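I opened this entry to record what was looked up in the structure. The notes go from one site to the next and end with the pocket.

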Amino acid sequence: MVTIANPIYDVVFKYLFEDLRIAKVIIASLIAEEGRVLAVRPLRNEVVEQADEGRPRLLRLDFSAKVELAGGKVVEVCIEIQKVLKTSEICRFRSYLASQYCSDANKDKEGRPLHIISIYILGHNIAGLELPITYVKNVIKDKDGVVFEPASPIEFIEALTSEMVIVQARRIPRQRNSRLEKILNFFRVGDDGRFDRHVRVDYDEDEKDVEIVNIVRRLEAALINENVRRQIDIEKELYIDEQDMKEGWEKFHKAERELEQEQKRREEAEKRQEEAERNASLLKERLRQAYREMGMRDDDIDSLLKG
């Protein structure tokens, strides 16, 4: 076990990725199927999206990565990393992706748009998707559904489509069977202590992988960095306040729903009562008519029906 700064906080996450050696390791591990990552560089400063109440909602970091493909060709791609603690609107992600397509920063030296790979590191689970790590890739098919694999990336398609890597931090398994799982283990989020300044994670003290050791050392350094610690405390208060507010609104909406259900039950009971009274009135009128046809006087009928 090792004690590290909790990367659920934006300041720790940003501190980790400011070390470009570590950024390269994490990005390379997540997009290993694309090819060998040779280098990464930041495209812009981080973008922190605010919720309506002014609380941090989402952290986005953009990188350019040079990737060597299987055939030896080197291509440059745009890596968009988004860390989201709580459920966010799909439209928000779509708007970020749209801004990437329009950004002049996401072009190579010849001015051609870079292919985009979006990496989402989520602090919440996606319903219906139980995979801890999910890859969404483009597939080219002909009219009969036969997959077409071009010899090299087609610029027109690469420029107008994107790929996606989804990491659900709560679903990352404790048992680490691969190097990627070892790396993502540091982002693992549990229900207990998720807002603690520091967390304890499983880690082999005899780890020989220097790049994994570097990640641990960086997160340990964040824990003793005074500026990072101060920002963690600020974020923690905001997150907890937001959680308290969310729970308060949930209780309020629950009470509203219960009140609406009670009002609906009352209205239904009143309708049933009105219907019963109408049926009783109709029955009396039918009986009154029947008694009249039998020759009974109205006084006698009224007396009989009252009884």
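**Entry 1: E235**

I began with E235, which is in contact (heavy atoms within 4.5 Å) with Y9, D10 and V11, leaving aside its neighbours within four places in sequence. The model is a predicted one, in which local features need pLDDT of at least 70, side-chain atom pairs count only at pLDDT 80 or more, and totals for chains, interfaces and linings use all residues. Residues are numbered from 1 along each chain as its sequence is written, and side-chain values use heavy atoms, with hydrogens and water left out.

I placed E235 in helix α7 (residues 226–293); helices (H or I, at least four residues) and strands (E, at least two) are DSSP runs, numbered from the N terminus. E235 has a relative accessible area of 3% and is therefore buried; buried means under 20% relative accessible area, exposed over 50%, partly exposed in between (1.4 Å probe, protein chains only). From C-alpha to C-alpha, E235 and V11 are 8.5 Å apart in space, although 224 residues apart in sequence.

**Entry 2: P7**

I found P7 in the loop between β1 (2–5) and α1 (10–18). P7 counts as buried because its relative accessibility is 3%. Not counting residues up to four places away in sequence, P7 touches V12, F13, K83, F186 and F187. I also noted I232, which is 225 residues from P7 in sequence and 9.9 Å from P7 in space, C-alpha to C-alpha.

**Entry 3: whole chain and cores**

I counted eight helices and nine strands in the chain. Of its 307 residues, 37% are buried. Among contacts between residues at least 6 apart in sequence, 69% join residues at least 24 apart.

Which residues of the largest nonpolar core touch the most other members? They are V12, F17, I26, I79, I81, F186 and I215, out of 54 residues in that core. A nonpolar core is a set of buried Ala, Val, Leu, Ile, Met, Phe, Trp, Tyr and Cys residues joined through side-chain atoms within 4.5 Å. Helix α6 (residues 210–224) gives the largest share of this core, seven residues. A second, separate core of six residues includes V84, Y120, L129 and I166.

I then listed the contacts of F17 beyond its neighbours within four places in sequence: A23, I26, L61, F63, I81 and F187. In helix α2 (residues 20–30), the buried residues are I22, A23, V25, I26, I27, S29 and L30.

**Entry 4: Q168**

I located Q168 in strand β8 (residues 162–168). Q168 counts as buried because its relative accessibility is 0%. A polar atom of the Q168 side chain lies 2.6 Å from the backbone nitrogen of I126, and a polar atom of that side chain lies 2.8 Å from the backbone oxygen of L129. Residues that Q168 touches, not counting those up to four places away in sequence, include L122, H124, L131 and P132.

**Entry 5: largest pocket**

I read a volume of about 1,300 Å³ for the largest pocket. On a 1 Å grid over the protein atoms alone, a pocket is an open set of points where a 1.4 Å probe fits, with protein on both sides within 12 Å along at least five of seven lines; lining residues have an atom within 4 Å of a point. Grid points are joined across faces, edges and corners, and the volume is the space filled by probe spheres set on the points.

Of the 39 lining residues, L69, S152, P153, I154 and E158 are the closest to the pocket centre. The elements that give two or more residues to the lining are β4 (56–68), β5 (74–84), β6 (115–122) and α4 (155–160).

Conventions: Polar contact = N/O pair within 3.5 Å; in protein donor to acceptor, adjacent residues only side chain to side chain.
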